[in-house]
Amino acid sequence: MIADVSKSDKIVVEKSTVPVKTAEAIEKILTHNSKGIKFQILSNPEFLAEGTAIKDLFNPDRVLIGGRETPEGFTAVQTLKSVYAHWVPEERILTTNLWSAELSKLAANAFLAQRISSVNAMSALCEATGANIQQVAYSVGTDSRIGPKFLNASVGFGGSCFQKDILNLVYICECNGLPEVAEYWKQVIKINDYQKSRFVNRVVASMFNTVSNKKIAILGFAFKKDTGDTRETPAIDVCQGLLGDKANLSIFDPQVTEDQIQRDLSMNKFDWDHPIHLQPTSPTTVKKVSVVWDAYEATKDAHGICILTEWDEFKTLDYQKIYDNMQKPAFVFDGRNIVDADKLREIGFIVYSIGKQLDAWLKDMPAVA
């Protein structure tokens, strides 16, 4: 389409996370349809994060521009660089060749996801030994070479990029005859899947090895706070695991619509990546799921609560009121380590926090259902 409508030379910039060598494919298509017009392809990967997008745009850690290592390519890179230079300091604008720019984005996301899987792997060991993952992560994070960010143990990472980008990286490694490297990055996803199933097993095992026909409140469905995005959210796998044991779920998320939740729970993996009209319509089979607009409504008469997104409002709920309206024994499974477990225990809850010492009650229950 760009080739069809272009009347003069163009610089084409790819922004989204794409498989390495996409720029080459774009270049070939444009060149074959060029009618004498010259095209330069640049890769300018997007580094802003949901929830902080505007801040990331105005004050980026770095802007990355990759282009061909030819005089024309260099000129194109400088042209885009001059646009960013209006508000980004020159030293933060990095220029590389095309492949480096495309691969840097995949590598950055793989490293971030790897940190989460590393701390989540340690959280399982902390539970087994009686250590506290928050203390361990804090100690590790004070090492300036490691740094404190992205070291929160949780029920798992989500979002549209991490898993897709790592699988992309794995695929590129396999295509280039590097099975060992591919295997290494696969482990990051394997640990993430393990963490989600471990959480479900804890819930089921704690509640007398069955959640069949028990009401479980799910607080939070988005993959992180301050966004309504549910792509690849760990909540999907946790909910499906509980539904597999015939639990009745009552879900509350301040940002996610009922339609979205029902769609997510009835869709196959990665179906969200298809256009809406090609996605399966929400079947009514999800009768065991109700979506409510209030945390107190979700938890009323519930046997247990799973906190799956770290929304700030979940920290300040009236847990005494919630406890009074729940079935006993009342369980809280904190998948984000955001509640004060000791305070909740004083109220009467049996609490499971990821990577922390287990309640006597939980110790007596098998870790795997």
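## Basis of the model

Residues are numbered from 1 along each chain as its sequence is written, and side-chain values use heavy atoms, with hydrogens and water left out. Because the model is predicted, local features need pLDDT of at least 70 and side-chain atom pairs count only at pLDDT 80 or more, while totals for chains, interfaces and linings use all residues.

## Strands E1 and E2

Strand E1 (residues 10-14) pairs with strand E2 in the parallel sense over five bridges, where strands are DSSP runs of at least two residues and helices (H or I) runs of at least four, numbered from the N terminus, and pairing requires at least two DSSP bridges.

Strand E2 (residues 39-43) has five of its five residues buried, that is, under 20% relative accessible area with a 1.4 Å probe and protein chains only, whereas exposed means over 50% and partly exposed lies in between. Phe39, Ile41 and Ser43 point one way from E2, and Gln40 and Leu42 point the other way. In a regular strand the side chains alternate between the two faces of the sheet.

## Two positive phi angles

Asn213, in the loop between helix H8 (179-206) and strand E5 (215-219), has a positive phi of about 60 degrees although it is not a glycine, and Asn213 is exposed, with a relative accessible area of 55%.

Glu232, placed in the loop between E5 and helix H9 (234-244), likewise has a positive phi, of about 55 degrees, without being a glycine, but Glu232 is buried at a relative accessible area of 9%.
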